[in-house]
Amino acid sequence: MNISIQNCNNILSGTISIVDGALNIKYAVNGTGKSTIAKAICATVRGDEQSLSSLKPYAFMNDEDGHESSVTGIDGIRSVMIFDESYIDQYVYLPDELLKNSFEIFVKTPDYDRHMDQIQQLLSEIGNAFQTNPELDELIATFAQFLDSCGRSQTGLAASGAIVKGLGKGNKLSHIPPELESFRPYLSNTHEAGNVKWLKWQSDGRKYLELAEQCPYCSGSIEHTKSKIERISEEYDSKAIEHLNKILSVFDRLFPYFSESTRNQLQIITNNAGNMNAQQKNYLHEIKQQIYTIHAQLISLKGLGFQSLKDVEHMADRLREYLIDLRLFSHLQSDLMGQKIREMNTSIELVLEKASRLQGEVNQQNILICRTIQENSAIINEFLRCAGYNYAVSIEETEGKSYKMILRPTGVDTEISSVREHLSFGERNALGLALFMFSAIKENPDLIILDDPISSFDGNKKFALLNMLFMSEKCLRNRTVMMLTHDFNTVIDVIHTMPQNFSPAPHGAFLSTKDGILEEKPIRKDDIKSFYQIAIENMQAGINSLNKLVYLRRLLEIEGNKGLAWQLLSNLFHKRAIPEIHENGIRPMTSEEYIEASEVIRNYIPEFNYADEYAKTQDDSILIRLYNESVSNYEKLQLYRIMYNENHDNPVIKKFINETFHVENDYLFQLNPREYDIIPQFVIAECDRDIIAN
């Protein structure tokens, strides 16, 4: 597919190509716009108009009618994932987990889902009994409210529980003192806790009684009723009434599930005129124990599934434990409760008939989880080992019956809790990239973007990353991947040295941006050459003789031949009229040495004549003409250096110019600089500025 990008940061327009189902490696120098390309594609695919518009070039920021940022040609891309710094910040090295959603990524495979569907189907009778029975859900919730009202006490009723606080001193709503009978409509109003709200309102108003002998609401006289009004707050506590309302409501919902004798006894307890006695408290504690047991059983049944059965060796025995014998629960022997329990027991009996099949599915799921965890952990740990990182990951079950990935130092059982702080920058990026790979495999997006993922690593770590990403058993093979990089060594490995290790074959391209125009040029295996090949090829090309001599000088450097020919060329580029020998001091070059050096040079460049070439270096008009005629930025740079002889006032530009003139920072294999503009445009712009000013 051909993707066109318009008006995104430094890219005014340009097109790149991506081959489906393969690795597409895009090599470019820094400043070309690699990250801009990644951000623009991601924003467009995700429909994030705000992020896309933020890429609008500053020159057009106030232009409301045009020059909008846009990306076209991605109609076939519906989803995208990108590995960059924001991915690590958002998903990796979280406080309680090495990778967000570890279970979903490393354990929950399609096979896992298939086995879970079969397990759930076998348990469907129990599941359906709950899913189609909201009354049972309500009963479980009411049981929970009753247990909560009892408070947290193992031996009886807690003094802090709603039962003791609400009923401990009797039911004051049923037994209102005679002198307060006129307030019954307010005290008996339990609708939406109206009595509680009234008591709070009445209590809050007491402070106004001290201001005057009149009602603070209607200003009527309270001379004869003030003590009666004050008695309300003395007799009734709004919080106690709130607890009483709550427990009476719970009992009202539970009454249909209690036996007749229990209902009768509860009627007596809930209508006490005085304090609840020890026998009544003990009676309520008995009810609490029976409800607690039934409630726990119902909750276990509601959560019955793979997680609760995966460690069970004898499935039938475990399922029988869920059967409820209502005869053992004297307080809950009502017709309605019997009906509910029979429904549950019947559903369990149906599952028991399939216990052997259920046992088999659970066992297979356990085996699958173990195998999946081992395989995924092994891939990451093999990468860490090959890359020289002394760490290992493991995927372990959590208390919540899920799984998470943790990191440990090799040979140590202690988990690294603060991974982000413990690992170095390079270690975080390397492990983060490994984890991203598994996320991408799980999500399976239409396009995976790796934004300069491995440029900062040394050789063996780069190879280990490439091997894991594209050549391991579980990797990004056969997926559409765009890798953006400024590291040419990676391009050499992928396109030149081991393309046979990738399936399908990878596709390489060189990106350059000049005056806002993004251009792409394919990089094939034959385009990556040794400098010897490049030098010979370019010395035979139709370029000016000074640049031919630059290529020859670097060729002699690569060959380790800094003899007389190299010395003579060095004299030429330093603009010396009389050649010198710089070796154990400085002396003039003899005529014999001069002739010998010239003959070596003519073996490569037959037209060479030192005097003629020296004359060119002395004439700026000739050098400027040659500079302007050069189509290669690399050759422009060499002519610029000859002209200014290391005198640029910008130390960064000066260093760059000098390094391209010598060989020490070159790769063994290169792209031909006459065909690929590997010199950043900002450097040439600096050179152009000086040339124009000359």
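A few friendly notes on this predicted model, starting with a charged pair and ending with a helix packing.

1. Start with Glu613, whose relative accessible area of 4% makes it buried. Its partner is Lys616: the two form a salt bridge, and their closest N and O atoms lie 3.4 Å apart. Lys616 itself is partly exposed, at 24% relative accessibility. Both residues sit in helix α27 (residues 610–618), 3 residues apart, which is about one turn of the helix.

2. Next, have a look at Asp325 and Arg327. Asp325 has a relative accessible area of 30% and is partly exposed, while Arg327 is exposed at 68%. Their salt bridge brings the closest N and O atoms to 2.9 Å from each other.

3. A further pair to display is Arg576 with Glu580. Here the salt bridge has its closest N and O atoms 3.6 Å apart. Glu580 counts as partly exposed, with 25% relative accessibility.

4. How many salt bridges does a search of the whole structure find? The total is 21, and the pairs Lys616 with Glu613, Arg327 with Asp325 and Arg576 with Glu580 are among them. As background, side chains of opposite charge can pair when their charged atoms come close.

5. Now to His295: is this residue buried or exposed? His295 counts as buried because its relative accessibility is 14%, under the 20% cut-off. You will find His295 in helix α14 (residues 278–302). Leaving aside residues up to four places away in sequence, His295 touches Ile140, Phe143, Ala144 and Leu147.

6. Two packed helices are described by the angle between their axes and the distance between the axes. For α7 and α14 the angle is about 140° and the axes are 9 Å apart. The two helices are therefore oblique to each other, and α7 passes α14 in a left-handed crossing.

7. Which residues make that contact? On the α7 side they include Ile140, Phe143, Ala144 and Leu147, along with Asp137, Phe146 and Cys150. From α14 come Leu284, Ile287, Lys288, Ile291, Tyr292, Ile294, His295, Leu298, Ile299 and Lys302. By class, the residues of this contact divide into 13 nonpolar, 1 polar and 3 charged.

How values were computed:
Residues are numbered from 1 along each chain as its sequence is written. This is a predicted model: local features need pLDDT of at least 70, side-chain atom pairs count only at pLDDT 80 or more; totals for chains, interfaces and linings use all residues. Side-chain values use heavy atoms; hydrogens and water are left out. A salt bridge is a side-chain nitrogen of Lys or Arg within 4 Å of a carboxyl oxygen of Asp or Glu. Buried means under 20% relative accessible area, exposed over 50%, partly exposed in between (1.4 Å probe, protein chains only). Helices (H or I, at least four residues) and strands (E, at least two) are DSSP runs, numbered from the N terminus. Contact means heavy atoms within 4.5 Å. Axes are lines fitted to C-alpha atoms, for helices over the stretch in contact, and angles run from 0 to 180 degrees between N-to-C directions. Angles under 35 degrees count as roughly parallel, over 145 as roughly antiparallel, 65 to 115 as roughly perpendicular and the rest as oblique. A crossing is left-handed if the near helix is turned anticlockwise from the far one by less than a right angle, and right-handed if clockwise. Ala, Val, Leu, Ile, Met, Phe, Trp, Tyr, Cys and Pro count as nonpolar, Asp, Glu, Lys and Arg as charged, and the others, Gly among them, as polar.
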